[in-house]
Amino acid sequence: MKNMIWALLAVLTISAPLSGQLKYEAEERISRKEIPKPMLEFMEECCEDERIKWYKEEQFNTFSYEAKFKKYGRLYSVEFNKSGFIEDVEIQIQQDEIPEAVMDKLNHYLDKTFDKFRIEKVQKQYTGATDALEDLLEEDEVEEELSLKYEMVIIAKKAKDVGRWELLFGDKGEWIEQSKIIFRNQDNLNY
Amino acid sequence: MRLFTILSVIMVAYSFSFGQTRDRYGLLTKVNVNTNIDKTWKWNSTLESRQIFREVFRNPDDRMGYRYERTDWTNVVSRRVGLTGSGAAGYMLRFTGEEWIHRSLQQYAWTQKRGAVRWGHRIRWDQTWRSGEDVTWRFRYRLGFDAPLSGTRLDAREWYWKASTEYIPILQSAELSFEARVLLALGHYISDTNKIEVGWDGRATGDFETTAYQSWLTVTWYYSI
């Protein structure tokens, strides 16, 4: 019994001082009452019938809010700045919904940049005037003034380095930016 | 998820199908350390200890209280295969207080990610040598997943849950037996190099006539150097 208690204490004690380490990007689920008023008003206007999950996303020195829900059989993610004003609408799509000419350009970039890759997630990202974004959410109507980009998460290998990357492309498939996502260790699923 | 549910139901049904012979309840503590040798190769070392609180035999009057059961030290070297797979081989040394037991193992594991849920598959073969006994051969398949309790992404200092189920045909001296396992755990992602999991690990082992049942409280610390 003594051995068991010591083993348990050792595991718990060693882990305690290590918990202070910080990561500069973190997503946290929050309740409806924690979101800013402009965000709540906007979401009530456009999406009052949806079952919405609310998130706060903290980055280095700043934060934003996100509302996620399912509509028209798709996953929607609406991002707001820290004051609660809308920034963009992201809609998850299948890879084959990207126009062929655009997909060719994306594949050309990915083939050139990575040794090997697999696309995990594709989203259409719309930015523009608040009213136009509201129409998009309310009526699934894409107005001309909205600007479209494609956001993609891939798992890829580049110079023996395997990781996840988030990439942003323009509506014609032109590369805009990319960032590497920290690859979570899979030791707890392998051993 | 559907596959996981079906496999879990089979496991539970199996565990209640046969007369029980020897049930064990105890604590299973594990420290798992892993490090990158280079961008392709990894080394993993696990120290696992089992302590039994209660043991019940076929005759309900034959009960035993607390005893230390064994300590396993396993070292595995793995090589990344493709984007999310890894092939590995290793060796385990087991000390029971009375004897040393040796086991070699080979495995292939891969993961998939769907939304917030990360799925892990593991196929493992192992061979166990014990003094005075024929070699025991085991084939193992484990399906597991983990997901954050809150949000769609697991960040430092967040909680997550994990579940897995594993099926193990066992062959020794031309006799076949079978083991099924289910694990349910709550994890704390302390940082990118540290996580701790506490859970319940249920096991049923049998030879189609009798079944022995095991129930473990598990405490596991994963550390990356």
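This tour moves through the structure one selection at a time, from chain B to the interface and then into chain A.

The model is predicted, so local features are reported only at pLDDT of at least 70 and side-chain atom pairs only at pLDDT 80 or more, while totals for chains, interfaces and linings use all residues. Residues are numbered from 1 along each chain as its sequence is written, chains are lettered from A and ligands numbered from 1 in the order in which they are written, and side-chain values rest on heavy atoms, with hydrogens and water left out.

**Chain B as a whole**

Select chain B and colour it by secondary structure: there is 1 helix and there are 13 strands, where helices (H or I, at least four residues) and strands (E, at least two) are DSSP runs numbered from the N terminus. Of its 225 residues, 52% count as buried, a word that stands for under 20% relative accessible area, with exposed meaning over 50% and partly exposed in between (1.4 Å probe, protein chains only). The accessible surface of chain B is about 10,500 Å², 61% of it belonging to carbon and sulfur atoms; such areas come from the Shrake-Rupley method with a 1.4 Å probe, and for residues only the protein chains shown count as cover.

**A salt-bridge network in chain B**

Next, show the side chains of B:Arg122, B:Asp126, B:Arg138, B:Arg140, B:Glu166, B:Glu179 and B:Arg181, which are linked in a network of salt bridges, each defined as a side-chain nitrogen of Lys or Arg within 4 Å of a carboxyl oxygen of Asp or Glu. Within this group, pick B:Arg138 and B:Asp126, whose side chains meet at 3.0 Å, N to O. B:Arg138 lies in strand β9 (residues 136–148) of chain B and B:Asp126 in strand β8 (residues 117–129) of chain B, so the pair ties together parts that are 12 residues apart in sequence. B:Arg138 counts as buried at 9% relative accessibility, and B:Asp126 is buried at 1%.

For another pair, select B:Asp72 and B:Arg70, which form a salt bridge at 4.0 Å, N to O, and which are both buried.

**The interface**

Now show both chains and the side on which they meet: 43 residues of chain A are in contact with 57 residues of chain B, contact meaning heavy atoms within 4.5 Å. The area buried between them is about 4,500 Å², with 53% from carbon and sulfur atoms; buried area is the accessible area (1.4 Å probe) that two parts lose on being put together, summed over both. Select A:Arg184, A:Leu189 and A:Tyr191, which supply 21% of the area that chain A buries against chain B, more than any other three residues.

The count of salt bridges between the two chains is 1; to see it, select A:Asp187 and B:Lys195, whose closest N and O atoms are 3.0 Å apart. The largest share of the side of chain A that touches chain B, 8 residues, comes from α1(A).

**Into chain A**

Move to helix α4 (residues 130–139) of chain A, where A:Ala132, A:Leu133, A:Glu134, A:Leu136 and A:Leu137 are buried. These buried residues pack against α2 (37–47), β3 (62–71), β4 (74–80), β5 (86–93) and β6 of chain A.

Finish with A:Glu50 and A:Lys71, whose side chains meet in a salt bridge at 3.8 Å, N to O. This pair links distant parts of the chain, A:Glu50 being in the loop between α2 and β2 of chain A and A:Lys71 in strand β3 of chain A, 21 residues apart. A:Lys71 is buried, with a relative accessible area of 10%.
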